[in-house]
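Dear colleague,

I am handing over a structure for you to look at, and below it I have set out what was found in it. Please read the notes with the structure open beside them.

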Amino acid sequence: MNIKLTILSSKLKISFRKIVLSFLLLILWFPLIALGQDNTIDYIGRLPKKPLKPGQDTVRTIDLFDRFKWEVTFISDKGKQLHYQSTKCDTLETPDDFKVVKEIYHANFKIDSSLINKINSLHYDTKGSIKISINKKVIVQTGEYVKDKNNKLHNFYLNKYIDFVFSDTLQFVEIIYSPLPNESRFEISICQYDYAKGRIESKKISEQFSFAKGFYYLAFGLIFLLIFLFYNLKKENLYFAGFCIMASFSSLVDFLEIDFLRSNGLLFLIVSLEFLSLFLSKMLLNKEKSKIPLVIILIISILINLPFFRLNISSNSNGFHISAGGSGENWFFIISLILLMIYVCFSNLYYLLQGFGQKRWEAKVIVYICSGATLLLIALPFILTALDEYGNSESKIGTYLLFIALAIYPISGAIVLGRRNGLDQKKLVEQINSIKKLSDENLEKELEKKQILEKQNQELEQKVNERTREVLFQKDELEIKSKSITDNLNYAQRIQSAILPDINLIYKTLEDSFIIYYPKDIVSGDFYAFAEKNNRVLIIAGDCTGHGVSGAFMSMIGVSLLNQLINEGGVVEPDLILNQLNSSIIDTFRQSVSESNDGMDVSVCSFDLEKGLLHYAGANRPLWLVRDNALITFNPDKFPIGGLQ
């Protein structure tokens, strides 16, 4: 059987003074326990009731599993049985390999005659199927013990009060309980009818409050989640939505027919507080808080819901319940959840303290409103005690104050985010209006420009037409002049071609030779010469100063001087040819007495066909020789022919 740990809500109000008194009574009773005295009560003289004045009995119910001696039988799924005698039934444990499917409890006790034939109440808080009989009369049966064949085992907590009557002073109580797989919980006690009625009313109010609070938070969460989905640049909207939605789940678990949600109410609360710390970090410090704690919480929530963990975390309108088997792993997760709860509470407190003293209006709103709500939650039990309202189910002061405290948290975030979004929208509208105004002004200017341009275009069009007529007339004149010049150049080309060597003569002498000659402007300043003299074959290539007509004149002078030197003077050595050609150009243009620097770049190759020798001389023109697939370059002298260099 699992051990139960209950986290009570703020409605179970315990004052510090009463805690101290209970602790002192425990110290006084300890020596008696040490001496072996039995504190078991097998007689009920009266049922405790709610005190009317301070100092009266504060015990409201009699816990049957803590006040009487019970005969206990555990039955496993394999039919094995374990028998115990105990006054602390909720502390009994079974071996790990003993899977309990049914638990049977028997007890006998006496009732004072003053309680006979009076209406009393039996309170049972259970998860699973239970059957309770008093003097063999069944007063409670749930789950599989209901005769209706269509009834299914209830997977949620049953926390109810049922009325009954003691008919005899000697009572025989039998309880048969079937736990759910890996989950076991039930408590049983008796109390006065009036007290039970008040508790039922209080529970109803608490459930209504949880329902209202859950949808209150859910509405805020969905609104800001939609805002984030449509504008995901503001992460604080997502954090605030996560806080509200998780907080709503922790309140609505009683009303949702989903076992997973109902069994993780405490986890939803922890996750919601972690989202709140992310929101406060972003809003107050403008920092992104680490997501590692949130990831750890999600991992633990996945692990504790695995089927092989005997761990149950559930909730109802009165608080949270944690139960676990005796294994170390389960208790490790319980301790982890408690530490995480402490961490998220102190984390939110830390960010609130960091926000004090800031001048930003967002920080002021969040810090002061949330701090006020937190102080109200802390001071609520003390306020009720001072008003003598402690435990009074007829009073709604505690409910109202609690609702106000819890409602303040989403309101503070909504005020900040709403005002921020409103300011953003206002700025956006102002920018849109400013853009529209500028657009209208630009449109007016564009219209003015368009009118001016249309007028200018008309004037330009008129001028263009006039200019076009002039251009067409000039074009006709240029075409006439161009045709005349072209005809003259073509005629000059025929003259220039006439002074160049006969190509067929060259190909006849040098069979594998070729000439590439493409004048740029019909006539050219480039020329080539060919001659055979004294068993020598001369090939000359020249590039004269200038292009077109001027270059053509220079080339004709160069060809004439070369023919004179070679054919008439008999000069066949390339170096002598260049030297004498240089002197002839200087004399021809009288460059020694004028500023003329006209000249040419020339290379001369002389072939001795009998000896197989090549003589070369170059004036600013190299010789490229290809031999054995390799290119050999012979550099020329860096001096042109002619000029005063």
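Helix α12 passes helix α13 in a right-handed crossing (right-handed if the near helix is turned clockwise from the far one by less than a right angle, left-handed if anticlockwise). The model is predicted, so that local features need pLDDT of at least 70 and side-chain atom pairs count only at pLDDT 80 or more, while totals for chains, interfaces and linings use all residues. Residues are numbered from 1 along each chain as its sequence is written, and side-chain values use heavy atoms, with hydrogens and water left out.

The axes of α12 (residues 548–568) and α13 (residues 574–588) come within 10 Å and cross at roughly 130°, which makes α12 oblique to α13. The axes of α3 (residues 193–230) and α4 (residues 235–252), in turn, come within 7 Å and cross at roughly 155°, which makes α3 roughly antiparallel to α4 (over 145 degrees counts as roughly antiparallel, under 35 as roughly parallel, 65 to 115 as roughly perpendicular and the rest as oblique). Here α3 passes α4 in a left-handed crossing, and the residues of this contact divide into 18 nonpolar, six polar and two charged.

There is also a nonpolar patch on the surface, with about 900 Å² of accessible area together, and Ile335, Phe346, Leu349 and Tyr368 are among its residues (patch residues have over 30% relative accessible area and no salt bridge, and nonpolar side chains are joined within 5 Å, like charges within 9 Å; areas use a 1.4 Å probe; a salt bridge is a Lys or Arg side-chain nitrogen within 4 Å of an Asp or Glu carboxyl oxygen). Its largest share, seven residues, comes from helix α8 (residues 328–355), where Leu349 is found.

Best wishes

How values were computed
Axes fitted to C-alpha atoms, helices over the stretch in contact; angles between N-to-C directions. Helix = DSSP H or I, 4+ residues; strand = E, 2+ residues; numbered from the N terminus. Nonpolar A, V, L, I, M, F, W, Y, C, P; charged D, E, K, R; others polar.
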